[in-house]
Amino acid sequence: MKKRVQTFDFDAVWKETHDGMKLIMSIYQGNPDGDFTVALWYDLYQKIYQWCTRPAEDKRKEELYHQTIGFFEGVVKVEEVELSKQRGEVLLKEYLKRYGNYVNGCKTIKKIFTYMHRYWIPSANTGGLADIIDMFDMARLKWRRSAYFPIKTRLFDALNDLATKDRMGELVDKSLIQKMVQAYIDIGVSEEQPVQFYKKEFQDPFVQATGEFYLKESTEFLQNNNVSAYMTKAEERLAQEEALAQNFLHPTSKDELIRSCKNALIERHNSVLQDEFQAWLRDDKLEDMKRFYNLLSRVKNGLDLSSATLKSYLTTVGKNVVEENSKNLDTRSSLKHSIQLVLEILKLYNKYTETIKHCFGNHIKFVQALDEACTSFINVGVGRSKKKKNTNVFTMAEVLNFYVDHLLKGGEKLSEDMLEEKLDQIVRLFTYFDDKDLFYGSFRRSLSKRLLGKKFNEDAERSFINKLKAKAGDVFTKKLEGMFNDIKVSQEREGDWKEYCRNLDNPPPVETTVAVLNNLYWPLQHLTDLTLPPQLAPSKDIFEKWYEKSAEKRKLSWIYNLGDCTLQYSFVDEKKRKKRIDLICTPVQATLLLAFNKSNKYRLKQLCEIVGCTPEHLKFCIFPLVYTKLRCLVNRGPEGKGKEKPASGPPSLADDDWLLVRPMSGINQRRVNIPPGVGVATSDRALQPVMEERALKIDLALVRVMKSRNSLQMQNLIAEASKQLLKFFRPDPRLMKKRIETLVERGFMRRDDEDQKTLHYCA
């Protein structure tokens with residue numbers, strides 16, 4: 001018996017389905033043609049189910065799919081006709097309304113075709129029917145092709161106009177932008193990622209249009225307003241666009257939109273901003289500079305040119321400060337006038353350190369610009385010699401050391417905290433020196449004088465040395481700490497020495513204090529011969545005997561020009577009054593002054609024989625006794641009748657000149673410090689010990705490198721040794737080549753027989 005197959009009227013079912021879909025669309029569009037009941041929905045669902053389950057009817061199923069898509073296309077064309085009549089904001093509202101109705105209707109219709117979506121469409125895809133996709137996705141594609149593309153230019157223009165009105169301060173409905181963004185993404189169903197369609201159709205042209213808008217606006221604004229007002233405007237615009245992107249655009253749009261705004265508002269006007277930056281630096285407009293930094297820090301490499309501008313400005317200002325405050329520093333004796341130069345440099349440094357901190361957030365590029373600028377003007381020579389054109393009188397290291405000496409001697413009445421702050425600032429300036437050993441040498445000489453003067457601020461001295469140690473390492477401070485140790489040991493043993501003197505049958509005729517210094521630590525000057533007078537000679541002999549017993553295998557060498565003696569000078573002044581003044585002078589000066597107890601006058605050459613030192617050193621020591629306000633001797637010339645002052649230049653002392661004792665007039669102090677000497681001091685003489693030590697350091701560095709490498713090209717040897725020396729000074733390649741030649745001659749290394757540029761270490 002054959003099974004009976006129930007007939008199915010496809011045309012009738014399609015008509016009922018078409019009418020049902022039409023009713024659904026009319027309901028969502030707000031003009032329903034009737035009621036869509038649950039029963040009607042269930043009836044349509046059953047008929048679609050029966051259509052899709054008919055055996056051997058695959059063509060019919062495909063036909064149903066395409067007829068449904070055709071229905072969607074018909075609906076879309078009607079909508080496009082209505083939308084084409086609108087413009088501007090009305091178009092946006094109408095588009096969103098009609099698209100929303102269409103999408104909701106399509107979603108409801110899709111539910112009628114649930115069975116088809118669940119079974120037939122997936123199998124059709126795997127069976128090779130690539131054009132069969134999700135019915136809802138296809139419905140949105142139909143909208144994109146037939147409703148969106150014909151009016152897409154007008155839609156974008158309406159959106160851009162809406163954003164422009166908002167930027168111009170008009171009250172607009174910005175939620176339309178947010179809804180349109182979602183609509184763009186919604187119809188991007190055929191893309192690999194729906195957001196790509198949004199980026200192509202809206203984001204990219206919107207970003208470009210925004211950049212063009214702000215470029216035009218900013219150019220016009222700068223023509224009619226100052227740069228300060230423009231920066232405020234630019235900050236407001238950037239904040240406005242960030243809010244727009246954050247609240248109304250897709251998250252992927254923010255970076256692109258802000259980048260375009262930065263380009264139009266900042267990068268395209270960078271040259272104008274940089275020109276004004278120098279004026280703000282000059283006029284101390286901190287708020288403008290802070291705003292300038294906030295703007296430029298937003299763009300890639302935006303601070304490179306700004307930091308270069310700061311460096312150039314500070315370099316120029318710094319060199320002007322040095323030049324302006326060096327006008328009076330034309331001789332070595334004018335060093336005492338250099339304090340103002342250091343104060344101005346510190347003022348400049350502190351000012352722009354605070355500026356960088358307050359305005360630029362201590363950004364590394366601006367800190368580096370300050371460092372490089374300071375390095376540039378800190379390492380220039382100071383003062384111009386009157387005698388030698390284009391020759392500097394001082395190095396900045398000498399000037400800075402003089403100020404340190406001034407501070408540590410109490411030249412400025414500062415509290416401990418203020419003194420510490422000053423010393424911190426000086427150490428920061430010290431780090432900018434290319435040749436740190438020059439400052440170290442000057443400071444070491446000054447420290448020795450302060451320590452031997454006995455009246456020194458130990459806490460401040462040690463604090464400054466610790467600060468140097470923290471910046472440059474203990475290699476710079478080892479000898480300085482050794483100097484302190486020598487003074488401490490001498491002070492501790494002073495009691496033993498005095499006790500020894502008290503127990504002697506013939507104690508020293510004068511009270512004597514001796515400081516024993518280690519020649520490895522102290523910058524000792526050349527030893528000077530001196531024939532001590534009877535008043536001083538016994539003290540020396542007694543101390544040598546005592547020291548020989550207490551310190552074995554140590555040899556004492558006396559440095560007379562570093563000591564001091566106190567002499568009582570009695571005389572009758574111009575008012576016939578008896579006066580007595582204590583003269584504090586060096587042992588050499590004390591020896592020649594004591595000679596005048598035997599005779600009222602001597603020729604200079606006679607004094608030289610009595611004192612026993614060289615004529616040059618005698619003249620150096622005697623000059624302040626004859627030619628300063630504290631003079632107690634007078635030069636009567638070779639005839640004993642007086643000596644005329646030269647028309648130019650300093651007065652002179654000749655071997656045949658007669659020197660006589662004279663009363664010290666105009667001196668009201670009870671104690672007078674006589675300068676140790678006055679002579680022709682030159683920068684070269686001051687640098688000589690440093691240069692000698694520098695040559696030794698170069699030799700040591702070269703030998704160290706060769707010992708580790710064994711064989712090396714000369715240029716590579718110089719490069720590697722220079723790296724070791726940079727913490728002390730900036731080595732001169734020419735000097736290093738000379739030192740290499742010296743080391744070759746001394747047998748520390750040799751040249752290769754075939755390649756003269758290659759060196760070998762000789763063990």
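Author: Let us begin with burial: a residue is buried under 20% relative accessible area, exposed over 50% and partly exposed in between, with a 1.4 Å probe and protein chains only. This is a predicted model, in which local features need pLDDT of at least 70, side-chain atom pairs count only at pLDDT 80 or more, and totals for chains, interfaces and linings use all residues. Residues are numbered from 1 along each chain as its sequence is written, and side-chain values use heavy atoms, with hydrogens and water left out.

Reader: Is I584 buried or exposed?

Author: I584 counts as buried because its relative accessibility is 14%. This residue is found in strand 4 (residues 578-585); strands (E, at least two residues) and helices (H or I, at least four) are DSSP runs numbered from the N terminus.

Reader: Which residues is I584 in contact with, leaving aside its neighbours within four places in sequence?

Author: Contact means heavy atoms within 4.5 Å. On that basis I584 touches D564, C565, T566, R671, V672, N673 and I674. From I584 to P676 the C-alpha distance is 9.5 Å, although 92 residues separate them in sequence.

Reader: How is a sheet read?

Author: Two strands pair if DSSP finds at least two bridges between them. Here an open sheet of three strands has the order 5-7-6, with antiparallel pairing. Strand 5 (601-603) and strand 6 (633-637) stand at the edges with a single partner strand each, so one side of each lacks a neighbour in the sheet. Four bridges join strand 6 to strand 7 (residues 658-661) in the antiparallel sense, and N635 stands opposite L659 in strand 7.

Reader: At what angle do helix 18 and helix 20 pack?

Author: Axes are lines fitted to C-alpha atoms, for helices over the stretch in contact, and angles run from 0 to 180 degrees between N-to-C directions. Helix 18 (residues 416-430) and helix 20 (residues 458-472) pack at about 35°, their axes 10 Å apart. Residues of this contact include L423 and V427 of helix 18 and F464 and L468 of helix 20.

Reader: What should the 13 residues of helix 11 span?

Author: The expected span is 1.5 Å times one less than the number of residues. For helix 11 (residues 253-265) this should be 18 Å, and the end C-alpha atoms are 18 Å apart, which agrees. Its buried residues include L257, I258 and C261, and what covers the buried residues includes helix 9 (194-224) and helix 10 (227-248).
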